[in-house]
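The following note was prepared for a colleague who wishes to examine the model alongside its coordinates.

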Amino acid sequence: MTISQIEACELTKNFDGLLALEQVSVRAESGKITAIVGINGSGKTTLLRLLAGLDMPSDGKILIDTKVVTTEELRGLCTMVFQKSIMLGGKVYDNIAYGLRVNRVSRREIPKKVKSALAFVNLDGFEKRKARKLSSGEQQRVALARALALERAVLLIDEPTANVDPANTMLIEQSIREAAHSRVIILSTHNLAQARRMSHSAVHLYRGSVVEQGETTSFFANPRDERTILFINGELQF
Amino acid sequence: MEHGEEDGALDPITEGLIRAIHLILSGDPEVYKITTLSLFVSISGTLLSCVWSIPISATLALRNFPGKRALKGLFSALIGIPTVALGLYLYLLLSRSGPLGYFQLLYTPYAIIVGQCILVTPIIVSFATSALESVDPEMRTLAKTLGASGIQTDIVVLREAFWGVALAILAAFNRAFAELGVAMMLGGNIRNVTRLLTTAIALQTAMGEIALSIALSIILLGIVLSLSLVVSLARRTS
């Protein structure tokens with residue numbers, strides 16, 4: 001399924017009285033990368049989990065192409081790559097094939113899709129390798145391939161290169177850029193250089209609220225909010 | 001010098017060991033029968049217990065409900081239940097005048113199976129619950145983002161905890177295989193009918209037949225250690 005945009009409207013999330021997100025509104029379009037930036041604990045992961053349909057918002061709604069969607073519908077439209085790459089036991093092939101199997105992709109199609117997904121992240125021929133024996137960078141690329149194989153309309157990526165070496169970072173960024181041509185990508189990162197390199201638009205979250213958002217070039221060149229200026233200069237604290 | 005050594009006779013332990021090796025190597029029919037019945041009873045009791053213990057463990061580990069902590073505490077406390085006490089209560093239930101006397105199970109191998117499967121239930125439940133709880137909670141989140149349903153997500157966790165659950169079952173089998181109280185009280189130690197390795201060892205030792213006792217204990221220990229070794233090797237190679 002192809003969509004043109006996903007929109008979070010005034011999302012609020014409380015965890016046992018602790019306000020993690022407060023009336024956050026964000027819009028991300030297909031064919032573009034939207035970066036969610038902010039210091040640790042600013043609510044980036046919480047926002048991605050709500051958009052992925054993993055958690056229920058306390059208030060607010062999420063729209064796909066102007067239609068309000070439920071968390072269940074979101075799980076069918078979005079997939080997520082986590083900061084810590086979690087590998088299922090077994091081979092790389094099993095990791096990528098798992099999502100395809102539970103989504104009832106035909107048995108004949110699965111090997112082709114696995115191969116194609118691995119090629120996309122430059123891991124050709126890794127099918128038989130044990131997933132947990134790979135380096136953290138390779139595991140993160142497998143996680144990306146696993147998400148891409150599902151061909152979901154929205155790909156949510158949480159700090160994909162936080163624990164990855166520069167060579168793997170470059171390969172991951174290249175794969176994400178290519179993947180963005182046909183889907184919505186929302187990338188959460190506290191790496192400002194990465195956000196500047198990769199995204200078309202940027203959103204600054206601070207203490208669970210959006211303090212500034214706009215086109216990446218102007219976001220970094222002419223930040224308007226005082227907190228964004230401090231964040232870009234590396235002086236913002238929680 | 002000891003009296004036996006003066007006469008050129010071996011001490012009881014050495015003599016017992018030699019006779020034990022002879023009994024094992026010669027394939028003594030009685031030793032063989034006792035061993036196979038012990039295996040049958042303990043394997044049956046353990047597997048029967050798995051039918052309810054594994055689902056109980058999965059519920060305790062993967063679901064939240066009122067009284068969960070108390071239930072887990074109860075199962076942990078029951079691990080140390082004295083086998084003689086359990087044997088006594090089951091004896092009262094299964095005896096001819098008891099509520100389950102109609103089934104005429106007392107002094108049959110089936111009575112021992114019933115007793116052993118109740119005895120090992122807390123072991124399987126407690127250890128398997130711990131194994132399931134030790135699986136990274138993000139594994140469930142990952143499965144959900146890949147499109148897994150609730151049951152498919154539970155299966156992912158069960159698969160991840162496979163070796164932990166296998167060790168719980170092994171510990172349960174070892175407990176059943178090596179216990180005496182239930183086998184004695186419910187089986188009655190009837191020759192060729194309900195005589196197991198443990199009850200035979202107790203009887204032969206009381207009768208002064210140290211050699212046969214040692215032979216049976218070597219078999220008992222050998223089976224327990226071999227099984228543990230096999231599981232450990234299988235775990236390593238997987």
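1. A nonpolar core is taken here as a set of buried Ala, Val, Leu, Ile, Met, Phe, Trp, Tyr and Cys residues joined through C-beta atoms within 7 Å. A residue is buried if 20 or more other C-beta atoms lie within 10 Å of its own, exposed if 12 or fewer, and partly exposed in between, with C-beta atoms placed from the backbone. Under these criteria the largest nonpolar core has 126 residues, and those with the most contacts inside it are Leu51(A), Ala145(A), Leu156(A) and Ile124(B). Helix α6 of chain B (residues 109–133) gives the most to this core, contributing 14 residues.

2. Conventions. The model is predicted: local features need pLDDT of at least 70 and side-chain atom pairs count only at pLDDT 80 or more, whereas totals for chains, interfaces and linings use all residues. Residues are numbered from 1 along each chain as its sequence is written, with chains lettered from A and ligands numbered from 1 in the order in which they are written. Helices (H or I, at least four residues) and strands (E, at least two) are DSSP runs, numbered from the N terminus.

3. Four-stranded sheet of chain A. Two strands are said to pair if DSSP finds at least two bridges between them. An open sheet of 4 strands in chain A has the order β2-β1-β4-β5, with antiparallel pairing; its edge strands are β2 and β5 (67–68), each pairing on one side only. Strands β1(A) (residues 5–15) and β2(A) (residues 18–29) are joined in the antiparallel sense over 8 bridges, with Leu11(A) opposite Val24(A). The two strands form a hairpin with 2 residues between them, and Asp16(A) in the turn has a positive phi of about 50 degrees. β1(A) also pairs with β4(A) (residues 59–64), again antiparallel, over 5 bridges; there Ile64(A) is the bridge partner of Ile6(A).

4. Six-stranded sheet of chain A. A further open sheet, of 6 strands, has the order β6-β7-β8-β3-β9-β10 and mixed pairing. β6 (78–81) and β10 (209–215) of chain A stand at its edges with a single partner strand each, so one side of each is left without a neighbour in the sheet. On average, neighbouring strands of this sheet are turned by 20 degrees against each other, direction ignored; axes are lines fitted to C-alpha atoms, for helices over the stretch in contact, and angles run from 0 to 180 degrees between N-to-C directions. Strand β9(A) (residues 201–206) and β10(A) run antiparallel and are joined by 6 bridges, with Tyr206(A) and Ser209(A) as bridge partners. Helix α5(A) (residues 136–149) packs on the sheet, touching β6 and β7 of chain A, and its direction makes about 175 degrees with that of β6(A).

5. Helix α1 of chain A. Of the 8 residues of α1(A) (residues 44–51), 7 are buried, so the helix is largely enclosed by the rest of the structure. Among the buried residues are Lys44(A) and Arg49(A). α1(A) lies across β1, β2 and β4 of chain A, running at about 120 degrees to β1(A). It also lies across β3 (33–37), β6, β7 (154–158), β8 (184–189) and β9 of chain A, at about 155 degrees to β8(A). Just after α1(A), Gly53(A) takes a positive phi of about 80 degrees.

6. Chain B. The secondary structure of chain B comes to 12 helices and 0 strands. Its C-alpha trace spans about 80 × 50 × 30 Å along its principal axes, and buried residues make up 37% of its 238 residues. Two residues are in contact if their C-beta atoms, placed from the backbone, lie within 7 Å. Among contacts in chain B between residues at least 6 apart in sequence, 76% join residues at least 24 apart. Leaving aside neighbours within four places in sequence, Ile124(B) has contacts that include Ser49(B), Cys50(B), Ile169(B) and Ala172(B).

7. Interface. 14 residues of chain B are in contact with 14 residues of chain A. On the chain B side, α7 (138–145) and α8 (150–160) are the elements that give two or more residues, and α7(B) gives the most, with 6 residues.

8. Backbone points to inspect. Gln23(A), in strand β2 of chain A, has a positive phi of about 45 degrees although it is not a glycine. Asn189(B), likewise not a glycine, has a positive phi of about 55 degrees and is placed in the loop between α10 (181–187) and α11 (197–206) of chain B. Gln23(A) is partly exposed, with 14 other C-beta atoms within 10 Å; Asn189(B) is partly exposed, with 18.
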